[in-house]
Each structure stands twice: as C-alpha cells, then as structure tokens.
Amino acid sequence: MHQLCNVCGSCLNSTIYESPENLSITTMNSLIDGKTSVYFCQSCSHLQTNELPDLINYYATEYEINLNSEEDDQLYKVVDGKMLYRADHQATVLQSKVDLFPGCRVLDYGCAKAPTLKKVVISNPDIEPFLFDVTDKYISFWNLYPRQVNYSVFQPDPSWKGSMDIVLSFYALEHVANLKEAISNIKSLLKPGGIFYFIVPNVYENIADFIVADHINHFSKGSLKSFLSKEGFRDIAIDDMVHDAAFVVTAKLSLNSELLPTEVNSQEVNKCYNSCLDMAVYWQNAISRILEFEKNIDDKGIVAIYGAGFYGNLIASTLKRFNKVQCFIDQNKYLQGTHINHKPVLSPEEINEEISYVFVGLNPRVAHETIDNIKCWKNHQLNYFYF
Ligand SMILES: [Zn+2]
C-alpha cells in the first residue's frame with residue numbers, strides 16, 4: 001500500500017531511510033518493535049515517518065511529559081553556566097510574538113502540564129486561559145495555576161467553538177498522523193482572524209528528529225507553508241532562529257473561506273531532499289561508529305554516557321557491553337539522581353576519577369561546545385566519542 005503525504009496528499013514512493021534493526025526508538029527513549037521508515041515528499045518537501053502499530057500502546061502506557069513533579073522541565077540550553085529551561089524560554093518567545101491583550105482567550109491545545117501558558121498567565125494576569133488535553137492525567141497540575149482555569153479533557157468543550165483569539169500547540173503536530181483532522185479541530189475553536197501559534201521540531205537543526213519513531217511529521221518551511229495556506233491561514237510567519245532546533249509558527253485564520261494557491265519552490269524542495277539524503281547516510285553510519293569506538297575500549301576501561309536524553313539512550317541501547325557503563329551524566333537537575341537501566345544519572349562534578357571513556361550523547365551541533373564548557377573536566381584525561 002502506498003503511503004500518502006500527510007500535508008499535500010501526494011504519493012510517497014520509496015523510503016529514504018530504514019532503521020537497521022527491527023527496533024525503533026521513541027522520544028521517551030523506549031524501544032518499540034518495528035522498523036522506522038522515512039519518506040520524503042517531492043511535491044511539498046514534507047518528511048514523514050511510518051506510523052508503527054506499537055505506537056498506540058506506547059502513547060497509552062509510556063508517553064508522559066515531565067510527570068514527576070510540578071517543576072520538572074526539560075533543559076533548553078546552558079548559557080554562561082546558567083540553566084535555561086524550556087517552558088521559560090517558550091513563554092518569553094510567545095510573549096514577543098503574539099499580542100496578549102486584556103481579556104483575550106488563549107487555549108493551549110494538547111497542553112499536558114501546560115507550564116508555558118502558566119508562566120504567561122503570571123505575567124499577563126488579565127488574559128483568559130483555557131486548557132485541553134486528550135487525557136485527564138494532568139488535572140492535578142492545572143489546579144496549581146495561579147488562577148482558576150477553564151479546562152476540558154478528552155474533547156474540547158463544545159461551548160468553546162469559534163471563540164478563541166489564540167490557540168497554542170507546543171510539540172504536538174509532529175506526533176499526529178491525521179493532520180487534516182487536527183487542524184480542522186483547531187480551526188473550529190478559533191474566531192475568524194484568530195491566531196494559531198505552534199512549535200514543532202526542525203529536523204534540519206536536530207538530526208535526532210530524523211529517526212525518532214513517534215515523530216510522524218518532520219516539517220520543512222515549505223511543507224508548513226503548504227499545510228497552513230491550504231487550510232485557509234494567512235500571514236504565516238515561520239521563525240527558525242528564536243528557538244533552537246524548532247520552527248515557531250504564527251498564522252492567522254482567514255476571515256473568508258477563499259483559498260489562495262500554494263506556491264512550491266522547487267529549489268527549496270531539492271535543498272531539503274539533499275539534506276534528508278545526508279541525514280539518512282549519517283544515521284546508517286552512526287550506529288557502526290558507536291560499535292567501532294566500543295570495540296577499542298580495553299577491558300579495564302570504565303565508561304560514562306554524557307546525556308540522559310535521546311542520544312544518550314540511543315548509545316545505551318546500541319552498546320554490546322553496557323555493563324561497562326558506570327553512569328550517565330547530565331546537567332539537567334531534574335534528571336540528576338534518577339536512574340536509566342539501573343545506572344545513576346550524575347552531574348559532571350560527580351564523575352568518578354576512574355572513568356576514562358565518555359560517549360557524548362548530544363546533538364552534534366552543540367556537543368563539542370557543551371563538553372568544552374565543562375570546567376571541572378579540564379584536567380581529566382578522557383577519551384570522547386562524538387556523534
Ligand atoms: Zn507533500
């Protein structure tokens with residue numbers, strides 16, 4: 001059966017990548033059965049991953065974002081030794097992009113704990129916040145909002161129809177196989193002229209996104225534009241600079257139903273296609289490079305994995321002698337003190353003198369800089385593996 005492009009409906013011919021083993025890795029760092037197959041759409045430059053049958057089970061049982069505590073958050077970046085967390089950064093960017101006028105109705109659609117909107121409400125107490133998620137497991141967090149908040153679970157409240165000035169979506173559309181249905185739900189909640197503001201990963205800036213099994217959609221600037229204009233959005237602004245490895249998108253729902261033709265720039269499509277081919281080759285080689293490096297570790301060598309996120313877990317699942325790994329190392333204080341496969345997650349300061357090999361499980365774009373900035377490792381003789 002032919003795969004169809006989620007954005008433009010074109011036929012997707014052949015895969016440009018397939019995972020080497022019959023196992024795929026997810027954003028929650030778990031392994032699920034089945035091969036990850038990635039397709040490129042020559043018509044709109046959308047990159048798309050096949051939806052594995054086991055994903056349904058994965059969402060039902062494992063997919064939970066930062067459920068550990070109220071404060072638990074993902075580390076966005078380390079700037080001059082200071083930790084910047086994702087929700088803080090997202091709140092700052094949102095406030096710089098969208099007019100949050102007094103009384104404006106703002107819905108976080110698929111909100112999970114909704115930490116970004118919470119921060120925005122603290123600095124804009126006169127806006128009207130609304131929360132929606134398909135599950136009820138985050139309600140206890142919503143009750144911690146600084147003011148009473150309108151929320152709905154399983155389905156958006158029917159009375160919200162056509163009433164929202166702004167609908168927000170943070171890292172959700174990449175998971176959605178039926179984009180058409182998702183966008184029509186969002187449109188039905190917006191007022192005419194209302195703003196859809198969302199963030200999705202930018203695979204061209206974070207190569208890990210290419211092989212994550214639960215990211216069905218890997219948008220490009222071109223495929224985002226096709227997708228939104230086809231659905232009747234105007235004033236589409238796509239910022240690929242303000243948030244690392246992500247597209248921050250603002251689009252206004254048209255006041256009338258007239259659809260403008262979507263222009264496709266074939267040069268841009270080709271550029272994306274070539275980058276995707278490079279990424280495919282990169283991943284085919286990366287796994288063998290991990291194994292090659294591991295082979296050269298002598299029997300006495302003690303190993304650490306830097307990074308308790310996706311890349312670190314990918315390394316852990318690839319190693320043949322995981323028993324040689326003493327610990328994971330991560331600068332995210334919410335991960336320190338936890339365990340991955342029975343190995344502790346430590347801060348860089350806690351590293352044992354005996355460790356001589358470090359697999360650096362970080363986005364290759366930032367990996368060297370991050371490791372170079374760890375002052376307490378300067379006098380340590382360490383052999384590094386980099387992606
Ligand atoms: Zn397409």
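I looked up Asp-239 and Lys-97 to begin with: their side chains meet in a salt bridge at 2.6 Å, N to O. My rule for a salt bridge is a side-chain nitrogen of Lys or Arg within 4 Å of a carboxyl oxygen of Asp or Glu. The pair links distant parts of the chain, with Asp-239 in strand 16 (residues 233-239) and Lys-97 in helix 2 (residues 86-97), 142 residues apart. I took helices (H or I, at least four residues) and strands (E, at least two) as DSSP runs, numbered from the N terminus.

The model is predicted: local features need pLDDT of at least 70, side-chain atom pairs count only at pLDDT 80 or more, and totals for chains, interfaces and linings use all residues. Residues are numbered from 1 along each chain as its sequence is written, and side-chain values use heavy atoms, with hydrogens and water left out.

Next I checked accessibility. I call a residue buried under 20% relative accessible area, exposed over 50% and partly exposed in between (1.4 Å probe, protein chains only). Asp-239 is buried at 19%, while Lys-97 is partly exposed at 33%.

I then turned to Glu-205 and Arg-365, whose side chains form a salt bridge at 3.4 Å, N to O. Glu-205 lies in the loop between strand 14 (190-201) and strand 15 (217-218), and Arg-365 in the loop between strand 22 (357-360) and helix 9 (367-372), so the pair ties together parts that are 160 residues apart in sequence. Glu-205 is partly exposed at 31%; Arg-365 counts as exposed at 54%.

The side chains of Lys-221 and Asp-240 also meet in a salt bridge, at 3.5 Å, N to O. Lys-221 is in helix 6 (residues 221-230) and Asp-240 in the loop between strand 16 and strand 17 (246-253), 19 residues apart. Lys-221 is partly exposed at 35%, and Asp-240 is partly exposed at 28%. I noted that salt bridges with shared partners join Lys-180, Lys-187 and Glu-231 into one network.

How many salt bridges does the rule give? I get nine.

Last, the zinc ion. Cys-5, Cys-8, Cys-41 and Cys-44 coordinate the ion through their SG atoms at 2.2 to 2.3 Å. Donors here are N, O and S atoms within 2.8 Å of the metal (3.2 Å for Na, K and Ca). The angles of 101 to 114° between the four donor atoms make the arrangement tetrahedral; the criterion for four donors is that all angles lie between 85 and 135 degrees. In sequence the donor residues are spaced C-x2-C-x32-C-x2-C. Cys-41 and Cys-44 are both buried.

Notes
Four donors count as tetrahedral if all angles lie between 85 and 135 degrees; four count as square planar and six as octahedral if opposite donors are over 155 degrees apart and all others between 65 and 115; anything else is irregular.
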